[in-house]
There are 4 protein chains.
Amino acid sequence: MKKTLNIGMIGYNFMGKTHSNAWRQVGRFFDLPAEVRLKTICGRNRAKTEAAAARFGWEKSCADWREVIDDPEIDIVDITTPNDSHAAIAIAAAEAGKAILCEKPLGMNVPECEKMVTAVEKAGVVNMVCHNYRRIPAIALAKRMIERGDLGDRIYHYRARYAQEWIMDPAFPLVWRLQADIAGSGTHGDIDAHIIDLGRYLVGEIKEVCGTMETFIKERPLQCEAGEGLTAAASQQTGSVTVDDAVCWIGRFQNGALANLEATRFAAGRKNHITFEINGSGGSLVFNFEDMNRLGFYNAADPSDARGFRDILVTEGEHPFVGSWWPAGHIIGYEHTFVHTFADFVKAVVDGKSVQPTFADGLANERVLSAISDSARDQKWVIL
Amino acid sequence: MKKTLNIGMIGYNFMGKTHSNAWRQVGRFFDLPAEVRLKTICGRNRAKTEAAAARFGWEKSCADWREVIDDPEIDIVDITTPNDSHAAIAIAAAEAGKAILCEKPLGMNVPECEKMVTAVEKAGVVNMVCHNYRRIPAIALAKRMIERGDLGDRIYHYRARYAQEWIMDPAFPLVWRLQADIAGSGTHGDIDAHIIDLGRYLVGEIKEVCGTMETFIKERPLQCEAGEGLTAAASQQTGSVTVDDAVCWIGRFQNGALANLEATRFAAGRKNHITFEINGSGGSLVFNFEDMNRLGFYNAADPSDARGFRDILVTEGEHPFVGSWWPAGHIIGYEHTFVHTFADFVKAVVDGKSVQPTFADGLANERVLSAISDSARDQKWVIL
Amino acid sequence: MKKTLNIGMIGYNFMGKTHSNAWRQVGRFFDLPAEVRLKTICGRNRAKTEAAAARFGWEKSCADWREVIDDPEIDIVDITTPNDSHAAIAIAAAEAGKAILCEKPLGMNVPECEKMVTAVEKAGVVNMVCHNYRRIPAIALAKRMIERGDLGDRIYHYRARYAQEWIMDPAFPLVWRLQADIAGSGTHGDIDAHIIDLGRYLVGEIKEVCGTMETFIKERPLQCEAGEGLTAAASQQTGSVTVDDAVCWIGRFQNGALANLEATRFAAGRKNHITFEINGSGGSLVFNFEDMNRLGFYNAADPSDARGFRDILVTEGEHPFVGSWWPAGHIIGYEHTFVHTFADFVKAVVDGKSVQPTFADGLANERVLSAISDSARDQKWVIL
Amino acid sequence: MKKTLNIGMIGYNFMGKTHSNAWRQVGRFFDLPAEVRLKTICGRNRAKTEAAAARFGWEKSCADWREVIDDPEIDIVDITTPNDSHAAIAIAAAEAGKAILCEKPLGMNVPECEKMVTAVEKAGVVNMVCHNYRRIPAIALAKRMIERGDLGDRIYHYRARYAQEWIMDPAFPLVWRLQADIAGSGTHGDIDAHIIDLGRYLVGEIKEVCGTMETFIKERPLQCEAGEGLTAAASQQTGSVTVDDAVCWIGRFQNGALANLEATRFAAGRKNHITFEINGSGGSLVFNFEDMNRLGFYNAADPSDARGFRDILVTEGEHPFVGSWWPAGHIIGYEHTFVHTFADFVKAVVDGKSVQPTFADGLANERVLSAISDSARDQKWVIL
C-alpha cells in the first residue's frame with residue numbers, strides 16, 4: 001500500500017497552471033513510490049484562487065501561505081509565486097519540516113539564497129529548485145552522452161542563447177517582470193538563469209565572467225491591472241523599466257571551456273528560443289527548445305566520409321523519461337518536463353534524499369547571476 | 001450548473017491510454033459546456049482492465065462491452081478496440097442512443113461502414129471518427145489558410161507520406177496488426193488511412209486512384225503472447241504476414257489536383273513521419289508530424305526578392321486550439337491532438353449536432369481505401 | 001607532352017553556356033590526360049552564335065553542324081541543341097568517328113535512341129549522355145555508400161520528386177519546351193528523366209511502371225520570339241500546350257524496391273527541387289538538389305539512443321570530386337557538376353573506353369520514359 | 001573597343017588559386033567595362049609559381065614582387081600573400097600608381113594599415129580589401145533589405161560566429177597560421193575579421209568591445225615543410241602556438257545594437273560555419289555560410305497567424321549578382337563570391353572610384369580587431 005503525499009501549492013498563475021498539471025499527470029504516467037494528492041492551492045486573490053482550484057483540480061484553496069505551512073497534513077510545499085516571496089515561504093516551509101519544490105530563480109540575491117540553503121540543510125528536508133529544462137529528454141540525453149564520453153575528454157565551448165520577443169512592442173506595459181523590486185532582474189534572472197543552469201549541469205562550474213546588460217525600451221505604459229503580463233492591458237501613464245531587456249556575457253568554466261551566453265526579449269521571431277551548442281574534443285551537441293524533442297550530435301569518430309550532425313529524434317523508449325509516454329515519433333510538449341521533474345522529486349521525497357537540482361544548485365546559479373550583474377555594473381571581469 | 005457526461009470506453013491498450021488522458025485533461029484546459037466523468041473502462045482481460053482503470057483514472061471496469069452499452073448512465077461510448085469489433089459495438093451503441101466516438105478506421109470494409117453510418121443516422125446520435133490529426137494546430141491552421149485563399153484558387157498537388165520503421169527487423173513477430181483477419185490491412189488501413197483523411201479534409205474528395213501494395217517480409221515468427229505489439233516477444237514458429245508492409249498510390253481529386261501517397265513501415269529512420277506538401281496556385285504548404293508544432297508556408301505573393309517557405313511555429317494564442325495551453329514557443333505533443341478532438345466532440349454532444357469528421361467521413365475514407373485495395377489487387381485504375 | 005582534344009559544340013543557349021564553362025574550367029581544376037581546346041561553337045543564329053563564341057571562349061563559330069562533323073581536327077562533338085536534333089547530329093558524329101557527349105534526353109523516343117546506340121557501337125566511339133547530376137559529389141557519395149553496403153543488403157523504397165514552378169503563371173508563353181513536336185514531352189522528358197536516371201544509377205533497373213500525366217494550363221499565349229523561354233515575351237494569340245505539366249508514377253525495380261516519382265512545374269516555391277529518399281534495410285539516404293552539397297544518412301547501426309539522420313556536408317577532400325576544389329565547408333555550385341562529368345569524359349576519350357552514363361543508359365532511360373508515357377496514355381501498368 | 005586591364009598577382013597558394021579563377025571567370029559571366037588579362041603571377045618559389053601560372057592561366061611568372069610593381073603594363077596589383085607582406089607590397093603598388101586589390105586582413109596592425117590607407121589616398125589609386133563575403137548574394141540581399149527598412153528602424157542584436165574544426169587534432173602541426181610573427185593572430189585576424197567586417201557592413205560602426213582569447217592546444221609538432229597547412233606534414237619536434245585558437249567578445253555598435261561574436265577552430269563538425277542573426281525592431285535575418293545560397297528572414301509585419309522565418313533561396317535573377325549565373329534553384333559556390341567582388345572592382349578601376357570595402361574599411365576593421373586584442377590582453381572594456 002502506497003503512501004500518499006499531500007501537496008500544498010503557493011501561486012496560481014502561469015506556473016501554477018503548469019505545476020498543477022504536472023501533479024495531476026505524474027502518477028498517471030510514472031510508477032511512483034507514493035500517491036500524490038492535490039490538497040491545497042494558495043493565492044492572495046481569493047476568487048481567482050478558488051477558480052484555479054476548481055479548474056486545476058485542487059481540493060481546497062486558501063489566501064495565506066502560512067496556512068499551507070501550518071497544515072500538518074501537507075508533505076510538500078510547492079512555490080510558484082513571484083520571485084520576491086520565494087525565500088520567506090521556503091524558509092518557513094523548511095522550518096515546518098516540509099519537502100520543498102521551489103520555482104526558479106531560488107531567491108532574489110545571493111544572501112537570500114544562502115539563507116534558504118541553510119534553512120533546508122538545517123531542517124534536513126528534501127528540496128529542489130524547479131529547473132524543469134534539465135529533464136527535457138533531449139537535455140537528459142545530452143547529459144548521458146557527455147558523461148559517457150561521446151563528446152571526448154574535453155569541452156571547449158558552451159554557447160547558449162535564450163531569445164524571446166514578447167516585449168518588443170514599445171506599447172507593451174510595465175508588468176511586474178519589468179520591475180526590479182519584484183522581479184529582481186529582467187532577462188537575466190528570468191531566462192539567462194535557465195541557460196546558466198544548463199551550462200552548470202552539462203559542462204561544469206563557472207570560474208569567471210564578464211557581461212553587459214541593456215534596456216532597449218526605457219519607459220513603458222503602466223499596467224491597468226496586475227496580472228500575468230503576456231496579455232496585459234496598458235494605461236496612459238508611463239513608468240521606468242528598471243530591469244534588463246537583454247544580457248550578453250562571456251566567461252570561462254573551471255574546466256577551461258569558454259562560455260558565451262545571451263538572453264534577450266528583443267529577438268523578432270524567437271518565441272522561446274533556447275539554443276545551445278557544446279563543442280568537445282570528440283564531438284558536438286546542439287539543441288533548440290522550440291524543437292525540444294530533437295538533439296543534434298556530431299560524432300567526430302564517424303567514418304570520415306560519412307560524418308555529419310545527427311538529428312536525433314529523442315522519442316525512443318530508451319531515451320530518458322520517454323518510455324512513460326508514447327511510441328517513437330510521437331513528440332511530447334513543454335509541460336511534460338515538469339512531470340519528469342515532479343516524478344523524480346516524488347521519489348526523492350520518499351527516499352528522503354534530494355536530487356539535482358537542489359537549493360544548493362539554485363544558490364550556485366545565483367552566484368553566477370550575481371557575478372554577471374556585478375560585472376555588467378562595474379564593466380569588469382568578475383571571478384567566482 | 002453544467003451537465004455531466006458519463007463516458008464508457010471500450011479498449012485499454014495504446015489508444016485506451018491516449019483516450020483516457022484526453023478525457024482527464026479536456027476539462028482542465030478547455031471551457032466545456034459539460035463536465036466529463038470517466039465512468040467505465042471495458043476490456044476482455046479483466047486484470048489488465050482493472051489495472052488500466054486505476055492507472056488511467058476510471059471509476060470502474062468491466063469485461064463485456066455490452067455492459068457499457070446497457071448502462072443507462074453512459075452518455076458517450078468511446079471505441080478504441082482492434083478494428084474488427086468497431087462495427088458491432090458502434091451499431092449497438094447507436095441503437096442504445098449513445099453518442100459515439102470511434103477510433104479509425106471506422107470499420108473493416110465499406111459494407112460495415114455503411115451499416116455503421118446507417119445506424120447512427122437512424123438513431124440520430126452524435127458520432128465522430130477519431131481522426132485526431134485533423135486537430136493538430138498546424139493542420140487546423142492549414143485548413144484555415146486554404147479556406148481563406150492563402151494557397152490561391154486552385155490546388156495542383158497533394159503529396160503525402162506516412163513512414164515508419166517499426167517492423168523492419170525480420171525477427172519482429174506476427175502481431176495482430178500484421179494479420180488481415182483482425183487488422184483488415186497493414187499500412188493501408190492503419191496509416192495510409194490518416195493521410196487519406198487529411199487529403200479529403202484539406203484538398204477535397206477523391207475521384208480516381210491507382211495503387212500497389214507490397215509485403216517485403218512475408219513470413220515472421222509468431223508472437224508469444226497477445227499484446228500491443230511494439231514490444232512483442234517472438235516465438236520459434238513462424239506464420240505468414242497477410243497484410244501490406246507498404247502501399248503507394250496515385251490519383252486525382254474531383255477538383256483536378258493530383259494525389260501521390262505512400263505509406264510504409266520500412267523506412268529506416270522514420271519513426272512516425274507523416275509529411276505532406278500541398279501546392280496551390282498562390283502558394284504551398286508543408287507539414288511533418290515529427291515537428292507537428294510547425295507549418296511551412298510559401299506565399300507566392302510575398303515581395304519577389306524575399307520569398308521563401310515560412311517556418312511557422314504554430315504556438316501563438318491565435319492559432320487553433322493553442323490558446324488553451326502555453327505561451328508562444330512552448331510546444332505541445334501528440335496527446336494534445338486527442339484533447340482538441342474530444343473538446344469539440346463534447347461540444348457536439350451538448351449541441352446534439354455532430355462535427356467533422358463524422359462516421360460519414362469514416363465511410364468516405366473507407367471507400368477510398370477500398371478503391372485502392374481493389375486497384376492494387378487488379379492492377380488497374382479505379383474510379384470512385 | 002599531353003595530347004590536345006579539340007571540341008566542337010552544337011548549341012549555344014542555356015546548356016551551351018553551361019558546357020562552355022565546363023570545358024574552360026575542367027583543365028584548371030582536374031588533372032586531365034589531355035589538353036582541351038574550345039575550337040568551334042555552332043548555332044543556327046549566326047549573330048548569336050558569334051556573340052556566344054566571344055563570350056564563352058570559343059575560337060570560332062559556324063551555323064551548320066555538319067561543318068563541325070566534317071572538320072577532321074574535331075575530336076569531341078558536344079550536343080546541347082533542343083531534343084529533336086540530337087539523333088541526327090549524334091549519328092553523323094559517330095559515323096565521322098568523333099567521341100560524343102550528348103545532352104539528355106538522348107533522343108525523342110526509343111527507336112531514335114536505339115539508332116543512336118547502334119551508331120556509336122558500330123563506330124566504336126566513346127559516348128556519354130550528360131546526366132550531370134550523377135556527378136554531384138553528394139550523389140556520387142550516395143552511390144559509394146550504397147555499393148559498400150551502408151544501406152544494408154536490400155533496398156525497399158526509392159521516392160523522388162523534381163519540382164519547379166516556372167510556368168505556373170497562366171500568362172507564361174508557349175515556349176518550345178511546352179510543344180510536343182520539339183520537346184517530345186514536358187516535365188516527363190525534361191525533369192522526370194533526371195530522377196529516373198538517378199533511380200537507375202542508385203537503385204537498379206526498373207521492372208514495371210504505372211503513371212499519369214496532367215496539363216493544368218491547357219492554353220497559353222504564343223511566344224513573340226524564339227528563345228530560351230525562361231524570360232520569354234508573350235503575344236496576344238494563344239496556342240495549345242501539348243505536353244505534360246506534371247507526371248506521377250509508381251513502379252517496381254527488378255530488385256523489388258518500390259518506386260514513387262513525381263515531376264511537376266506547378267509547385268509554388270520549388271525552384272529546382274530535386275529530392276529523393278532511399279530506404280534500405282540498414283539505413284536511409286535523403287537528398288535535395290537545392291542543398292546539393294549535403295547528403296542525409298540514417299544509419300540503423302548507430303548506437304540505439306543516438307541514432308538520427310546525419311547531415312553530411314559533402315565538402316571534404318575525400319568526398320568524390322571535391323578535392324579538386326576548395327577546403328571543407330566551402331560549397332560548390334550547379335555548374336561544377338558539368339566539370340566533373342567532363343573530367344571523366346575526357347579521361348574516357350583518352351582511354352578509348354566509355355564511362356557511365358553511356359548512350360545505352362540514355363536508351364534505358366528512354367525505355368522507362370516511354371513505358372510511363374504508354375501507361376499514362378492507356379491507364380494501365382506497363383512491364384518493361 | 002574595350003580597354004584591357006593587366007593584372008599582376010602576388011601569391012599563388014589557396015588564395016592565388018581562388019583569385020586566378022575569379023580573374024578568368026569574371027568577364028565570362030559579367031558585362032565588364034574592360035577586358036581582363038592575367039598577365040603576371042609572382043611567388044618566391046619559382047618552380048611552384050611557374051606551375052601555378054600554367055595551371056591557373058597566367059601569361060608569365062616571376063619571383064620578385066617588385067618586378068610586378070615596376071612593370072608599367074600592370075594596371076592592377078592583386079595581393080594574396082601571407083599577412084606580413086601586405087603592407088610593403090601595397091604601399092609600393094600605390095606609389096607606382098597601380099589599382100590595388102588586397103586580401104584581408106589589410107595589414108598586421110593599426111599603424112601598418114594607417115600607412116596603407118595614407119599611401120593609397122596620397123596616390124589616389126583605386127583600392128579594395130577583399131572581403132569577398134560581402135558579395136555573397138544572400139549577404140548583399142541582407143544589406144538591401146536592411147537599407148530599405150525590412151528590419152524596422154532599429155537594430156537590437158548582431159550575433160555572429162565563425163566556427164571551424166581544422167586544427168582540433170593536437171597532432172596537427174604548427175603551420176604559419178599558428179605563428180604570431182607571420183599571421184599576426186589566430187582565429188581573430190583570420191576569421192573573426194570576416195564577421196567583424198560583416199557586422200560593420202550590415203549593422204554599423206562599433207563603439208566598444210570586451211573580449212577574451214584562448215589557446216586550447218599550446219604546443220604542437222613543427223611542420224616538415226612550409227605549405228598551405230591544411231594538409232601539412234608534422235615533424236617530431238614541437239613548438240609553441242603563439243596565436244589564439246578561439247576568441248569571444250561582446251560589445252556595442254554606435255547605434256546601440258549589442259554585438260556578440262565568437263570565432264573558433266575548435267568546433268567539431270563545423271567546417272566553415274559563418275553564422276549570424278540580426279534582430280531589428282521589424283524583423284530578423286539569419287545566415288549560414290555553409291548554406292550560403294539561403295537567407296532566413298522573419299517579417300514581424302506578416303499576418304499574425306502566418307508568421308515565421310522565411311527560407312529565401314537566393315537564386316532568383318533579381319537577387320544581387322545572381323542574374324549572371326544560372327536559373328532559379330541552381331546554386332552557386334564559394335568562388336563565385338570572388339567573381340562578384342572582382343566584377344565590382346573592375347568597374348571601380350575603370351570609373352577611377354573605389355567601391356566598398358576600401359582600405360579604409362580594412363583599417364576600420366583592424367581598429368576593432370586591435371581593440372579586442374587589447375581588451376583580451378588587459379581584461380577590460382575598450383572604447384573605440
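This is a predicted model: local features need pLDDT of at least 70, side-chain atom pairs count only at pLDDT 80 or more; totals for chains, interfaces and linings use all residues.
**Around β5 of chain D**

Let's stay with that strand for a bit. The cover comes on both faces of β5(D). On one side sit D:Ala99, D:Leu101 and D:Glu103, on the other D:Ile100 and D:Cys102, and all of these are buried.

What runs alongside? Strand β4 (residues 76-79) of chain D is joined to β5(D) by four bridges, and the two run parallel. In that pairing, D:Ile76 has D:Ala99 as its bridge partner.

The chain gets from β5(D) to β6(D) by way of helix α5 (residues 110-123) of chain D, in a β-α-β crossover that is right-handed.

**A residue in α5 of chain B**

For a look at helix α5 (residues 110-123) in chain B, take B:Val120, which has its place there. Is B:Val120 buried or exposed? It counts as buried, because there are 26 C-beta neighbours inside 10 Å and the cut-off for buried is 20 or more. Setting aside neighbours within four places in sequence, B:Val120 is in contact with B:Ala94, B:Ile100, B:Val125, B:Asn127 and B:Phe359. B:Glu50, on the other hand, is 70 residues apart from B:Val120 along the chain, and their C-alpha atoms are separated by 30 Å.

**Domains of chain A**

Chain A splits into domain 1 (3-133) and domain 2 (137-291 + 293-328). Their C-alpha centres are 25 Å apart. Domain 1 of chain A gives twelve residues to the contact and domain 2 of chain A gives 13 residues. On the domain 1 side, the residues that touch domain 2 of chain A are seven nonpolar, three polar and two charged.

**How the chains pair up**

Now for the chain pairs, starting with D and A. In this contact, 31 residues of chain D meet 31 residues of chain A. On the chain D side, the elements that give two or more residues are β7 (155-163), β8 (206-214), β11 (246-253), β12 (258-264), β13 (273-280) and β14 (283-288) of chain D. Sorted by class, that side has 16 nonpolar, eleven polar and four charged residues.

Chain D is superposed on chain A by a rotation of 180° with 0.0 Å of shift along the axis, and the RMSD is 0.0 Å. The residue of chain D that comes closest to the rotation axis is D:Lys380, at 2.9 Å (C-alpha). The copies meet through the same surface, because 100% of the interface residues of chain D are also interface residues in chain A.

On to C and B. A rotation of 180° with 0.0 Å of shift along its axis puts chain C on chain B, with an RMSD of 0.0 Å. That is the relation of a two-fold axis. C:Lys380 is the residue of chain C that comes closest to this axis, with its C-alpha at 2.9 Å. Both copies use the same surface here, as 100% of the contact residues of chain C recur in chain B.

The contact itself takes 31 residues from chain C and 31 residues from chain B. At least two residues of the chain C side come from each of β7 (155-163), β8 (206-214), β11 (246-253), β12 (258-264), β13 (273-280) and β14 (283-288) of chain C. That side of chain C has 16 nonpolar, eleven polar and four charged residues.

Most residues other than glycine have a negative phi, and most peptide bonds are trans. Here are some exceptions.

| Feature | Residues | Angle |
|---|---|---|
| cis peptide bond | A:Gln356 and A:Pro357 | omega about -5° |
| cis peptide bond | B:Lys104 and B:Pro105 | omega about -10° |
| positive phi, not a glycine | C:Gln379 | phi about 55° |
| positive phi, not a glycine | D:Gln379 | phi near 50° |

Where do these fall? A:Pro357 is in the loop between α9 (336-351) and α10 (359-378) of chain A, and B:Pro105 is in the loop between β5 (99-103) and α5 of chain B. C:Gln379 belongs to the loop between α10 (359-378) and β17 (382-383) of chain C. D:Gln379 is in the loop between α10 (359-378) and β17 (382-383) of chain D. With 13 other C-beta atoms within 10 Å, C:Gln379 is partly exposed; D:Gln379 is partly exposed as well, with 13 other C-beta atoms within 10 Å.

Key
Residues are numbered from 1 along each chain as its sequence is written. Chains are lettered from A and ligands numbered from 1 in the order in which they are written. Two residues are in contact if their C-beta atoms, placed from the backbone, lie within 7 Å. Ala, Val, Leu, Ile, Met, Phe, Trp, Tyr, Cys and Pro count as nonpolar, Asp, Glu, Lys and Arg as charged, and the others, Gly among them, as polar. Domain bounds come from an automatic or database domain assignment. A residue is buried if 20 or more other C-beta atoms lie within 10 Å of its own, exposed if 12 or fewer, and partly exposed in between; C-beta atoms are placed from the backbone. Two strands pair if DSSP finds at least two bridges between them. A crossover is right-handed if, with the strands pointing away from the viewer, the path from the first strand over the helix to the second runs clockwise. Copies are superposed by least squares on the C-alpha atoms of residues with pLDDT of at least 70 in both.
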